[in-house]
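I want to know who pairs with whom.

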Amino acid sequence: MKRTGLWIRTGVILAITLIGIYLVFGPRRMPTSADFTWEGIKANLAANINLGLDLKGGSHLVMRVKLDDYLKTVTENNAQAALSAISDSTDPKFQVANSATVAENGNYSFNATLADGTNLDQVAEAVKKKVDLQNWNESRSGSTISWTLGAAAQNVMKVDAVTQAKKIIESRINTYGVKEPTIQNQGSPTSGQILLQMPGVDDPERVKSLIGAESNLALMKIVSAANPAPVTTYPTIDAAKASLGGTVPANRKILPYAERDEPTAAGQAPDQKKPTSYVVVEYPAVVDGSELRNAEAVSRTGAQGDYQITFQFKPSGAQKFGDWTGKNINNYMAVVLNDEVKSAAFIKSQIFDSGEISGKFTKQTAEDLALTLKSGALPAKIVYQEERTVGPSLGADSIRSGVEASLGGLALVILFMLFYYRGSGVNAVVALVLNMLLTIAALVLIRSTLTLPGIAGLILGIGMAVDSNVLIFERIREELKAGFDIPTSIDLGFDRAFVTIIDTHITTIISSVILYMAGGAGPIRGFAVTLILGLLINLFTAVFVSRTIFNWELSLRPKMTKMSI
Amino acid sequence: MLNPFDNFHFDWLRRRRIFIGISIAIMLAGLASAVGRELAPGGTDSFNMGVDFKGGTIVTAKFRNRPTDDEIRDALNKSGVGDPVIQTSTNRPDEVLIKIPLLEAETNPEGATDQDHTLQVQAGRAEVKKALDTFGQAAEGDATLDSAPNAAYKIIGTDSVGAIAGSQLRNQAVIATLLGLVGILVFIAFRYDWTYAAGAVIAVFHDVIMVLSFFSIFQWEVNLTVIAAILTIVGFSVNDSIVIFDRVRENVPMRRHDSLFEITNDSINQTLSRTVITAGLVILSVLALVVFGGEVLRSFSLALLVGLTLGTYSTIAIASPIAIWWQSKLGDSKIKDVLAPAAKGEKLASSSRRSVTRRPVTR
């Protein structure tokens with residue numbers, strides 16, 4: 001019973017075709033009668049295919065990195081780090097008598113005046129060992145050492161900060177799932193302006209806050225009596241200061257300690273803070289966010305508002321953290337996020353590579369926080385300067401003419417196939433149309449965003465689909481000419497052309513997979529994805545589907561003496 | 001049954017020196033254009049890089065009656081600003097964003113000083129203003145469209161923009177493509193022979209260098225879409241080469257007494273109908289895109305047109321001669337191998353899975 005096999009093949013083809021039609025034209029909800037009208041189909045098609053920035057447009061955001069803030073923070077941090085490096089020494093010659101920091105109006109410098117000015121070389125050396133002062137000019141006068149950031153160095157640092165901010169923003173929106181944004185400098189490189197365009201996203205406000213989110217994580221030692229005594233907190237800043245003798249030394253910091261409320265009602269964001277208390281921590285931090293390798297939002301119970309963030313350190317951070325926790329068992333440690341203590345706990349045992357930010361986060365805040373932690377901290381705050389939605393960067397009218405020209409080209413191909421291969425041309429046309437339908441369905445399925453490079457991949461895929469059909473048909477013609485009967489010619493034609501088709505397809509798939517892996521997240525990847533899908537599907541449509549149609553023909557007209565090819 | 005290629009015979013390989021000569025001539029012209037333009041004082045760059053690659057000026061204009069994108073593009077082209085990117089502002093329909101490439105070829109956007117930027121922005125603004133003045137008067141200074149009833153538009157913002165695709169993306173594209181070619185090389189060597197792999201990959205290089213030559217000689221704009229086009233060209237070129245190699249591989253065991261030279265020539269002719277139909281259809285479709293696809297897709301469609309045409313040509317004119325030439329260099333010591341496998345010609349498909357064996361090359 002030869003027909004049974006044919007029916008099974010036909011059933012497989014029909015099922016896959018129906019799934020393809022549903023994926024491309026169907027709604028992602030219970031269908032209504034409106035989904036079967038022309039308008040409904042068009043609306044569903046538009047909703048199912050994600051078009052990229054170049055084809056559909058999206059948001060246009062101009063933001064500015066507050067570079068003055070950045071330089072100010074760098075100056076202050078360096079000043080603090082330098083002073084703590086000096087005061088770490090017990091040598092009486094390292095006694096700091098006075099210090100000052102300037103960080104405004106384009107002047108960035110800090111200095112330390114030592115009580116004993118005879119040992120400046122050694123002091124400067126000690127500072128250099130602990131603090132990276134590569135861009136800073138060191139100068140001395142009397143018993144004072146000053147470090148100043150010159151204008152050229154300021155520009156270098158500004159450009160670096162913008163580049164870093166661009167990278168972090170890109171990684172944040174990529175992780176969030178925005179496909180193929182464009183990020184470019186706007187204005188002079190030292191203006192700190194960044195122009196970001198991204199294709200339509202569901203929740204632009206969330207993306208905006210994600211981009212600008214600060215995520216400075218630090219693990220710091222709390223100045224407190226060790227466990228089992230409870231952690232020492234102070235009700236006010238002044239009380240905390242008083243405990244330090246009235247002034248905060250360079251190696252100490254006072255930070256607010258905000259414990260989180262239990263969620264009061266189901267679904268309510270548990271983000272309100274309890275009346276804040278303060279703790280005193282040691283500066284600099286044991287480890288900071290730059291040492292993070294991974295961060296993840298997890299929930300023990302799965303309940304809304306019961307999320308924590310766990311994180312892992314890179315090897316270098318894990319080493320530092322392990323050494324420190326080993327020496328500080330039963331001491332209190334603070335998990336500090338954006339200069340606010342999120343949790344304080346004593347060290348039970350030596351910990352190496354992981355930690356947790358406890359507190360009761362909602363799922364979304366925890367996920368966003370984990371994402372921003374993973375991408376690293378922005379060098380400074382970001383302010384939005386301009387916001388608009390924009391049309392496609394290729395221009396709506398040129399896309400229309402491009403689509404029309406491509407459809408015209410496709411019609412030309414179909415007409416030629418029907419004219420040149422007659423009856424068999426129908427096979428080719430069915431295979432081609434099915435190939436396009438299924439490739440787009442596959443793109444919908446993997447939620448890929450279609451951009452012009454993706455369309456180029458589609459064109460190459462379709463071109464190779466046409467080629468597969470031509471290879472098969474030309475081969476069948478050759479076998480017919482060589483004197484074989486029709487069934488044998490079809491058999492030989494498919495068998496022989498299949499070897500060629502497999503070789504061409506595997507070659508292109510291999511190179512596309514390499515393109516995908518080495519091409520980074522941009523246009524190259526979009527090209528590779530559509531091409532790989534198109535070729536895999538072509539092996540199905542050009543060989544399996546086309547063969548099935550031929551077999552039907554043979555089975556229905558067994559005594560066929562002349563073949564329409 | 002239509003078949004215009006029945007019993008077609010043409011001695012392709014005999015004319016290989018002519019083909020290779022033509023290719024080398026075009027590549028030399030491309031090289032001369034690229035180097036000449038770079039070195040000539042006050043000349044243009046080797047390539048006409050678009051906003052995507054080198055940045056430029058972004059001008060935001062607000063219109064009283066907004067012309068279409070095409071009208072704005074035409075106006076800019078007429079006043080000498082090539083290849084603008086025009087983006088509508090969908091939430092403010094009377095405003096339009098116009099990006100034009102850097103005007104002075106010498107300015108390097110990464111290393112430019114603030115002063116360069118100011119000059120650049122002023123020059124860009126002046127250019128755009130000159131073009132937009134064809135739509136009517138501009139509202140200057142503090143005047144708005146409301147306070148100046150005669151004004152047709154107002155430039156509400158100007159700034160310089162950096163490249164979207166910096167050197168990073170360009171390098172990534174080049175490295176990824178080269179790695180992809182290594183993959184192709186290894187696979188063809190595994191399925192056929194190293195000599196064939198080398199022929200196919202050299203043909204790919206030929207195609208890409210030729211396309212770049214055309215872009216340099218005619219100063220077509222290089223933008224992000226050209227990268228996509230080049231990736232497509234590489235794919236088609238390799239595809240074409242494999243189809244012919246596959247036929248050679250099939251013919252070799254059946255024609256043990258013929259030289260590889262003749263077999264390859266015949267293989268090219270046997271597959272010629274397929275080559276002409278496939279290449280013809282694809283090239284015709286791309287030609288439709290060139291003619292009717294509009295200004296913005298021009299770089300993309302031109303690159304495809306040139307590249308796909310050359311891809312077909314290079315398979316015959318470059319890939320096959322190189323494969324054979326290399327075989328002839330290796331040939332002598334391997335002749336014995338040819339006699340070893342006995343050809344079974346009854347069923348074509350089975351005999352062809354054998355790898356290509358080296359055989360003498362005459363001429």
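My entries on strand pairing follow, chain A and then chain B.

Entry one, a caveat to myself: I am looking at a predicted model.

Entry two, the sheet in chain A. I traced 4 strands forming an open sheet, and reading across I get the order S3-S4-S6-S5. The pairing there is antiparallel. Which strands stand at the edges? I found S3 (96–104) and S5 (136–141) of chain A there, and each has a single partner strand, so one side of each is left without a neighbour in the sheet. From one strand to the next I get an average twist of 15 degrees.

I looked up S4 (residues 107–114) and S6 (residues 144–149) of chain A: they run antiparallel and are joined by 6 bridges. For one residue pair, I followed Thr113(A) over to S6(A) and landed on Thr144(A) as its bridge partner.

Entry four, what lies across the strands. Helix H5 (residues 120–130) of chain A lies across S4, S5 and S6 of chain A. Against S6(A), I read its angle as about 40 degrees.

I started from S2 (residues 56–63) and asked how many bridges join it to S4 (residues 95–101) of chain B. The count is 7, with the two strands antiparallel. Ile58(B) stands opposite Lys99(B) in S4(B).

How values were computed: Residues are numbered from 1 along each chain as its sequence is written. Chains are lettered from A and ligands numbered from 1 in the order in which they are written. This is a predicted model: local features need pLDDT of at least 70, side-chain atom pairs count only at pLDDT 80 or more; totals for chains, interfaces and linings use all residues. Two strands pair if DSSP finds at least two bridges between them. Axes are lines fitted to C-alpha atoms, for helices over the stretch in contact, and angles run from 0 to 180 degrees between N-to-C directions. Two residues are in contact if their C-beta atoms, placed from the backbone, lie within 7 Å.
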